[in-house]
Amino acid sequence: MTYSLSRKLALLATACGAFVAASTASAQSAAPAAAPTDAPRTAEVVADVSNERTVIAVPAFATPSAQVVAGLRTDNLGRQMADIIAANLERSGLYAPLGPSSVRGITMDEVTAPRYADWTARNADNVVHGFVRASSTGGLIVGCYLYDTVLGTELVRQGYEIQAGDWRRAAHKCSDAIYSRLSGEAPFFDSRVAYIAESGPKGNRIKRLAIMDSDGGNHRFITNGQALALSPRFSPDYKKIVYVSYLNNRVRVFIYDTVTEKQNLVTESSNTTFAPRWSPDGRKILFSMAVGGNTDIYVVPASGGTPTRLTSTPGIDVGGSFSPDGSKIVFESDRSGTQQLYVMNADGSDQRRISFGGGRYATPEWSPRGDLVAFTRLGGGNIRVGVMTPSGGGERLLTNSWQDEAPTWSPNGRVLQFFRTSAGRDGKSSLWQVDLTGVNLRRLPTPQDGSDPSWGPVQP
Amino acid sequence: MTMKKSTVALLAVAMLTVGACSKKAPADLPPPPAGTDTGSYDPNAGQNQVVPGSQADFVASVASDRIFFGFDQYNVDAEDQATLRSQAEWLQRNPAVRVILEGHADERGTRDYNIALGERRANAAKNFLVSLGISGSRIDVLSYGKERPAAIGSDENAYAQNRRAVTVVIAR
């Protein structure tokens with residue numbers, strides 16, 4: 001079975017003597033699959049690790065009776081929410097969920113009194129239970145529970161009272177509670193992604209600003225495709241999106257207000273402005289501006305005002321991403337002759353190069369945890385996504401395809417989304433996700449082709 | 001290749017014959033601009049009647065509407081200068097015409113850097129036209145980065161055609 005079960009049983013042996021005899025049998029049967037921890041770090045061992053995922057049963061959420069709330073049937077929602085939770089856990093790469101299509105349903109009584117034997121019989125280390133019912137105010141009440149089937153203990157108990165239209169968010173909140181409890185990591189599923197939806201022939205692509213949940217749900221197009229749209233970023237409060245539009249045959253950064261559905265220029269200028277990013281507090285916007293062919297990085301209050309220039313080399317200084325405390329900026333410059341990564345203070349002082357590996361480095365993004373910078377590396381064949389520390393150490397490449405580009409961090413700094421472009425006359429772009437091991441690589445579902453993903457924070 | 005200053009007509013002929021030995025010009029030149037190329041060409045382009053001062057007139061009159069660049073380069077070499085001289089002469093004959101100088105990059109780069117690179121290329125072409133006496137106020141720069149490839153293959157021949165600065169007449 002799984003590595004996590006072996007660890008769990010080891011804990012059991014010291015904590016709960018009464019259960020040791022019964023549990024040892026399953027531990028022995030599990031032993032052959034467990035990877036030796038002192039094995040050399042080869043590709044084979046990495047592959048083994050990826051197979052040792054905690055098995056979690058996720059039966060359809062129960063409902064007292066099939067009720068219709070805002071046109072939605074609670075029994076259908078119970079199944080769909082379990083589907084979302086199972087898909088989230090699977091995509092994280094850490095878990096092997098048994099979703100509602102592969103396990104039996106549960107009754108309301110079982111929600112708080114799970115039949116553990118039924119789930120250990122399915123080799124499930126954990127089981128998720130939940131319910132959906134109508135609230136007295138016309139919304140929904142959702143319960144979310146996680147149990148350890150071996151210890152027979154409750155690990156998570158949460159309830160959400162929501163508007164019916166927010167039922168997906170309840171499933172993401174429940175996924176986050178399960179993921180955080182089992183992994184010890186901060187949550188990330190209840191978050192949104194802004195990206196560019198692509199369609200049409202390669203020589204004349206239609207590119208539209210679009211937004212969706214972190215799993216692709218609740219998809220919505222923002223722009224109609226008449227003007228090229230590029231490189232969107234959600235503001236930290238999700239109320240605005242900064243992006244580049246080719247409206248009126250000019251390249252300019254706009255701030256789109258998701259509430260009023262109006263947009264404003266980030267700065268009034270006759271020059272090309274692009275590559276926008278928010279500061280972590282949402283008060284400032286970094287952008288790049290080309291003046292007479294020379295591109296530098298500027299910062300401007302999000303509410304408007306006079307931009308401050310942060311770089312002044314004759315080369316291309318472009319992009320940029322704030323450290324989570326807002327004190328530093330990692331950016332890209334070809335002042336050395338090729339694209340490389342640099343770190344500077346938020347006021348532009350103390351600019352230092354951090355990338356020294358082979359090839360060129362681009363699109364740096366500082367992790368929300370602060371511990372790593374993600375980047376695109378070019379040169380010598382494939383274009384790949386990787387990470388390094390903010391001082392330039394510990395470089396690791398996480399993907400290896402023809403062209404992987406522009407990583408964006410999950411809110412907890414453990415997963416990256418990026419876009420992958422295929423070669424050739426019919427080359428297309430799609431959104432992908434990979435965790436920091438590089439092993440758990442998944443394509444994200446989008447209605448059309450996709451590029452330029454930008455992952456926002458966990459929703460309040 | 002060696003190329004002395006000469007008349008535009010001679011240069012145009014010379015370029016046809018020596019183009020193949022250039023170190024960076026594409027092996028086969030892209031077709032004349034079609035509507036799908038940038039979406040900003042004069043709607044009269046390609047029709048039989050050539051309106052003076054139009055994009056069609058421009059393309060028919062100059063050595064080429066575009067110049068090409070090496071990988072990650074933006075220098076205007078002798079061949080490019082000859083092309084731009086022919087463009088400058090046409091612009092001097094059509095003083096009311098304004099143009100957009102589009103800068104483009106190949107697909108094997110990151111999006112934002114390629115926009116910056118397209119800016120460099122378009123400005124290099126603009127600056128050369130200005131040095132020949134064309135007012136900078138008649139030339140708008142528009143970088144497409146890698147967004148609008150002229151050749152859609154993923155090979156060096158296509159990339160060489162896509163690393164370009166294209167002069168486009170603004171339709172009136």
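This is a predicted model: local features need pLDDT of at least 70, side-chain atom pairs count only at pLDDT 80 or more; totals for chains, interfaces and linings use all residues.
Chain B has 172 residues, of which 52% count as buried. Its secondary structure consists of six helices and four strands. Read from the N terminus, these elements follow the order α-α-α-β-α-β-α-β-α-β. Among the contacts in chain B with a separation of 6 or more, 70% are made by residues 24 or more positions apart.

The four strands of chain B form an open sheet in the order β1-β4-β2-β3, with mixed pairing. Its edge strands are β1 and β3 of chain B, each of which pairs on one side only. From one strand to the next, the twist averages 15 degrees. Helix α5 of chain B (residues 111–131) packs on this sheet and touches β1, β2, β3 and β4 of chain B. The direction of α5(B) makes about 150 degrees with that of β3(B).

Within the sheet, β2 (residues 99–104) and β4 (residues 164–169) of chain B pair in the antiparallel sense over five bridges. Gly103(B) stands opposite Ala165(B), which lies in β4(B).

The contact between the chains takes 34 residues from chain A and 24 residues from chain B. On the chain A side, the elements that give two or more residues include β11 (229–234), β19 (317–322) and β27 (403–409) of chain A. The strand that gives the most is β15(A), with three residues. The residues on this side of chain A divide by class as follows.

| Class, side of chain A that touches chain B | Number |
|---|---|
| Nonpolar | 13 residues |
| Polar | 15 residues |

Terms used. Residues are numbered from 1 along each chain as its sequence is written. Chains are lettered from A and ligands numbered from 1 in the order in which they are written. A residue is buried if 20 or more other C-beta atoms lie within 10 Å of its own, exposed if 12 or fewer, and partly exposed in between; C-beta atoms are placed from the backbone. Two residues are in contact if their C-beta atoms, placed from the backbone, lie within 7 Å. Ala, Val, Leu, Ile, Met, Phe, Trp, Tyr, Cys and Pro count as nonpolar, Asp, Glu, Lys and Arg as charged, and the others, Gly among them, as polar. Two strands pair if DSSP finds at least two bridges between them. Axes are lines fitted to C-alpha atoms, for helices over the stretch in contact, and angles run from 0 to 180 degrees between N-to-C directions.
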